[in-house]
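Here's a quick briefing to read alongside the model. Have the viewer open as you go.

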Amino acid sequence: MNVLRAWIEERLGLRAVTGFLAKKEVPRHKHTFLYYTGSSILLFLGIQIVTGVFLAVYYRPTLAEANTSVARIITEMPFGWLVRSVHSWSATFMIAFVIVHLLGIAFTKAYRKPREASWLTGIMLLGASLAFGFTGYLLPWDELSLAATKVGTNFPKAIPVLGAFLSRLMRAGDDVTGDTLSRFFIFHVSVLPLVVMALLGLHLFLVQRHGMSIPLQEERKNVKVPFLPFWPNFVFREAGVWLVLFGLLLTVAVVFAPGLGPQADLMAPAPEGVKPEWYFLFMFQALKLFPSKILGLNGEMIAVLAMMAGFGLILLLPFIDNRPFDRKGRVITGLVWAGLASTVAMSVWSLL
Amino acid sequence: MGRPCLYGGHVGLEPAVMSERRLAMAAIAALVLLSSFASGMLETQVQTVPQAPVGPAAAKTPGQGTVAAPRPAQERMAVGVLLAWVWLSIAVLLGLLRLRVREADRVFRFGLDRAAGKTHQDPKP
């Protein structure tokens, strides 16, 4: 055993990593629970990779076979329905945790210097997660997914100059067809995982480089914040959180297994009550609220540009609020609350 | 390994910790027995329930979605048993993790990890 350990150590030099982890510390305060959201995202990502590989073994990304292959997975493969359900629900859990993680960082002002790059990579990871959800939604190739994808890929058309090109790039043509399905599948199983791995590697490196941020509220108490050793104290706690989340995920996946709609027909009209996934509902509702013309300009274009400006502001938040860490930043806190409230309200309104 | 342990007989907390450990072991044993009994009952029930056909259930009628729930009674039971086992295992593992967390926290509080060569600073209460 020692010979094997020495052999591995000689080649990989893991002692530096284990030494770093042994000395790593986690601040202990009333917001410590926020640290668990980051690692929980990794748990759900891991589950999605494993279940995704299982699904990819049987899934066929062609117009004729996509829907029937998913039907086969959920009706004929042993526990295929459960694997698909866990895959689907872990995506939902992951996006929810990414949002909670980013909100926690925004409220505790952990994006400020020197953690600007961590915030940027985090927002990009949110974008990649949403892209995973969007591309994955079409893959069952049922009526609802086709209609939602038509709406979603029509959305960039409102962007001036580049809009039509972006829409064609997404659809692999002028309309959603079998080529779109192939393109979405390739993005879902190959391009996006590579992008996520690269961004995640950089994000984790930055988190280790700068250490875990201590919330401003704790810093202002002028008392040295106590800490926990990462290994084993924090890792054991984290393992407990992972176990509970895994149990919850499995239970939800069993009780609320997603169904499969009838095979999509490219010639058929869109079914009534088409709605995107919950994390796109606020955009869907915002688009519906904008009038067709505003001061003689295309209302949809203004809505899309306003949303893009909003996302741009979120991405550049560390450069907008670049004040020293000891400033409270009440305006930013208020704006984050307002943004959160309006997003939730829009999403709920869309469901009514 | 090189890490100090409270069960090693150096800190003087063994009786409390050991009794907790015994309690945890007894709880685990009881849970294992109970779940074995429950899963046995469910398996017996599976054998008596007429099995639903698997093949035709996959067929779809136009305009109607495929329901993604386990169809055959055996799979339904298996899923129930699986869920019960998963939660049971989670409960047991959480119990064990709790013991390890408490031990690790005590080791850290008494500074025994620093004695073992780590370089954490002094914790403030």
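This is a predicted model: local features need pLDDT of at least 70, side-chain atom pairs count only at pLDDT 80 or more; totals for chains, interfaces and linings use all residues.

Residues are numbered from 1 along each chain as its sequence is written, with chains lettered from A and ligands numbered from 1 in the order in which they are written.

**Chain A overall**
- Chain A has 15 helices and four strands; helices (H or I, at least four residues) and strands (E, at least two) are DSSP runs, numbered from the N terminus.
- Its radius of gyration is 23 Å, close to the 20 Å from the globule rule for 352 residues, so chain A is as compact as a globular protein of that length. The radius is taken over C-alpha atoms, and the rule is 2.2 Å times the number of residues to the power 0.38.
- The C-alpha trace of chain A spans about 65 × 60 × 35 Å along its principal axes.
- Of the 352 residues in chain A, 34% count as buried. Buried is 20 or more other C-beta atoms within 10 Å of a residue's own, exposed is 12 or fewer, and partly exposed is in between, with C-beta atoms placed from the backbone.
- Among contacts in chain A with a separation of 6 or more, 77% come from residues 24 or more positions apart. A contact here is two C-beta atoms, placed from the backbone, within 7 Å.

**Chain B overall**
- Residues 24 or more positions apart make up 62% of the chain B contacts with a separation of 6 or more.

**Helix packing in chain A**
- Helix 5 (residues 80-107) and helix 11 (residues 230-255) of chain A have axes that come within 9 Å and cross at roughly 120°. Axes are lines fitted to C-alpha atoms, for helices over the stretch in contact, and angles run from 0 to 180 degrees between N-to-C directions.
- Helix 5 and helix 11 of chain A are therefore oblique to each other; angles under 35 degrees count as roughly parallel, over 145 as roughly antiparallel, 65 to 115 as roughly perpendicular and the rest as oblique.
- On the helix 5 side of this contact in chain A you'll find residues including A:Leu82, A:Trp89 and A:Phe93, and on the helix 11 side, among them, A:Leu249 and A:Val252. The residues of this contact divide into nine nonpolar, two polar and no charged. Ala, Val, Leu, Ile, Met, Phe, Trp, Tyr, Cys and Pro count as nonpolar, Asp, Glu, Lys and Arg as charged, and the others, Gly among them, as polar.
- Helix 12 (residues 281-289) and helix 13 (residues 299-315) of chain A pack at about 145°, their axes 9 Å apart.
- A:Met283, A:Ala286 and A:Leu287 in helix 12 meet A:Glu300, A:Ala303 and A:Met307 in helix 13 of chain A, a set with five nonpolar, no polar and one charged.

**Backbone spots to check**
- Most residues other than glycine have a negative phi, and most peptide bonds are trans.
- A cis peptide bond joins A:Lys113 and A:Pro114, with omega about 10°; A:Pro114 sits in the loop between helix 5 and helix 6 of chain A.
- Another cis peptide bond joins A:Trp231 and A:Pro232, with omega about 0°, and A:Pro232 is in helix 11 of chain A.
- A:Phe79 has a positive phi near 60° and is partly exposed, with 17 other C-beta atoms within 10 Å.
- A:Leu295 has a positive phi near 50° and is exposed, with 6 other C-beta atoms within 10 Å.
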